[in-house]
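Q: Please take a close look at how two chains of this model meet. Walk me through that interface in one go.

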Amino acid sequence: MKIGTVIGNVWATRKEDNLRGLKFLVVQPELLNKSNNDSSFIAVDRIGAGIGDKVMVTQGSAAAHMASDTPLPIDAIIIGIIDSVDIERGGENG
Amino acid sequence: MKIGTVIGNVWATRKEDNLRGLKFLVVQPELLNKSNNDSSFIAVDRIGAGIGDKVMVTQGSAAAHMASDTPLPIDAIIIGIIDSVDIERGGENG
Amino acid sequence: MKIGTVIGNVWATRKEDNLRGLKFLVVQPELLNKSNNDSSFIAVDRIGAGIGDKVMVTQGSAAAHMASDTPLPIDAIIIGIIDSVDIERGGENG
Amino acid sequence: MKIGTVIGNVWATRKEDNLRGLKFLVVQPELLNKSNNDSSFIAVDRIGAGIGDKVMVTQGSAAAHMASDTPLPIDAIIIGIIDSVDIERGGENG
Amino acid sequence: MKIGTVIGNVWATRKEDNLRGLKFLVVQPELLNKSNNDSSFIAVDRIGAGIGDKVMVTQGSAAAHMASDTPLPIDAIIIGIIDSVDIERGGENG
């Protein structure tokens, strides 16, 4: 999973039918080492994340497993709001 | 999910049997930060996107979950036509 | 999906049992913008693609959904032979 | 699978419901050749890995297959604690 | 699928329960064009590949479909030992 910060909202009236009611947020990945320069992306949120929250995001089709029933066509979901990250080796930030 | 703009169409008469009738569009990813330089790619569209529309695209095998029945061999689908993106931190465009 | 050109064949006598009879081709991705420099890769073909054909390729585990029964351990499949690509914005080739 | 070293812990009180009780660790990928500069990421651990352990990590939605029942929305899991890696060609470390 | 060469073995006594008995090899991807500089990675082998063999590898969750029953948490599997690759256009090696 990646760590990122919520930086925005996405509004899309016309959507695939089974995505109505979902909240879409813009997430900026955080640097965990110096070579990280990933772009922002859009993630679904169901746990009440807001602007400025540091979050843990699952990417890829694993994000489709957010409900117990049929998988959805989404590729990123916020799975946790991070309280703290303890790094015990190296000079990474996070 | 990524944000992109629809810039073209793909025509392919000979296809895998279960893909007949699907619309294939060329999507150019939008920059969400400065290091983004992803290539254009092809995405399936079922919600009526057209040239110039800003869209939200799901990539990977999650795109196969577009129908409630058997998954299809596609790896990108347009899931929404974007009305607006509000970024509240940093200097990204979008 | 990516666009590429079929440039070669792969022969492998010893294979996973459920892959016998499949055709494996080498595909060179086409440039859709200037920063594209992806490597060639191997894709399964079931629609009769040949050397020099411009094809549309699905990558990732979505490629495993080529048959209606059990998924196969493959990560790329040629899903269409392209007749034409119409780009209506920007200077991409394709 | 990738090789990495466990370098930290992640604490997140608010999480997707089906992820409660899982342990989340920060993993720094090890160099297997000179061009490797991947960022650290978060992986689920169920086999008792700790800070400093060299581990084998499965990424992508295959990580969701950690339990025999329903898949979980996670994209990285530590699947083994490495005793040794024997490289018999080239100058890679590992 | 990627082409690579088997260059080593990985030993891990403590593993996820459903992975006992599997063989884990280190695979170095082969160059299929000049810009390729991928890192080595670990792949499961069930077809008897050994050090020095040129192999065809499936990556991502499609690798989990190696058995007809429940998927396993692995993200790379050797699916064939390559006899030859015939490239008929361009200057790639392989």
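A: Helices (H or I, at least four residues) and strands (E, at least two) are DSSP runs, numbered from the N terminus. By that rule, chain A has 0 helices and 7 strands. Its pattern along the sequence is β-β-β-β-β-β-β.

Some ground rules come next. This is a predicted model, where local features need pLDDT of at least 70, side-chain atom pairs count only at pLDDT 80 or more, and totals for chains, interfaces and linings use all residues. Residues are numbered from 1 along each chain as its sequence is written, chains are lettered from A and ligands numbered from 1 in the order in which they are written, and side-chain values use heavy atoms, with hydrogens and water left out.

Now the interface. Contact means heavy atoms within 4.5 Å. On that basis, 34 residues of chain A are in contact with 31 residues of chain B. The two chains bury about 2700 Å² between them, 53% of it on carbon and sulfur atoms. Buried area here is the accessible area (1.4 Å probe) that two parts lose on being put together, summed over both.

Next, the polar links. A polar contact is a pair of N or O atoms within 3.5 Å; within protein, one must be able to donate a hydrogen and the other to accept it, and residues adjacent in sequence count only if both atoms are side-chain atoms. Between chain A and chain B, 16 residue pairs are in polar contact (both at pLDDT 80 or more).

On the chain A side, β1 (2-11), β2 (14-15), β3 (23-29) and β4 (41-45) each give two or more residues. β1(A) supplies the largest share, 6 residues. By type, the chain A side divides into 18 nonpolar, 10 polar and 6 charged residues. Nonpolar covers Ala, Val, Leu, Ile, Met, Phe, Trp, Tyr, Cys and Pro; charged covers Asp, Glu, Lys and Arg; the others, Gly among them, are polar.

There is 1 salt bridge between chain A and chain B. Arg46(B) and Glu16(A) form it through their side chains (2.5 Å, N to O). The term needs a side-chain nitrogen of Lys or Arg within 4 Å of a carboxyl oxygen of Asp or Glu.

β2(A) runs antiparallel to β6 (residues 76-81) of chain B, joined by 2 bridges. Lys15(A) has Gly80(B) as its bridge partner. Pairing requires at least two bridges found by DSSP.

Finally, Ser61(B). This residue lies in the loop between β5 (54-59) and β6 of chain B. Its side chain makes a polar contact with the side chain of Ser61(A) (3.0 Å). Ser61(B) counts as buried because its relative accessibility is 9%. Buried means under 20% relative accessible area, exposed over 50%, partly exposed in between (1.4 Å probe, protein chains only).
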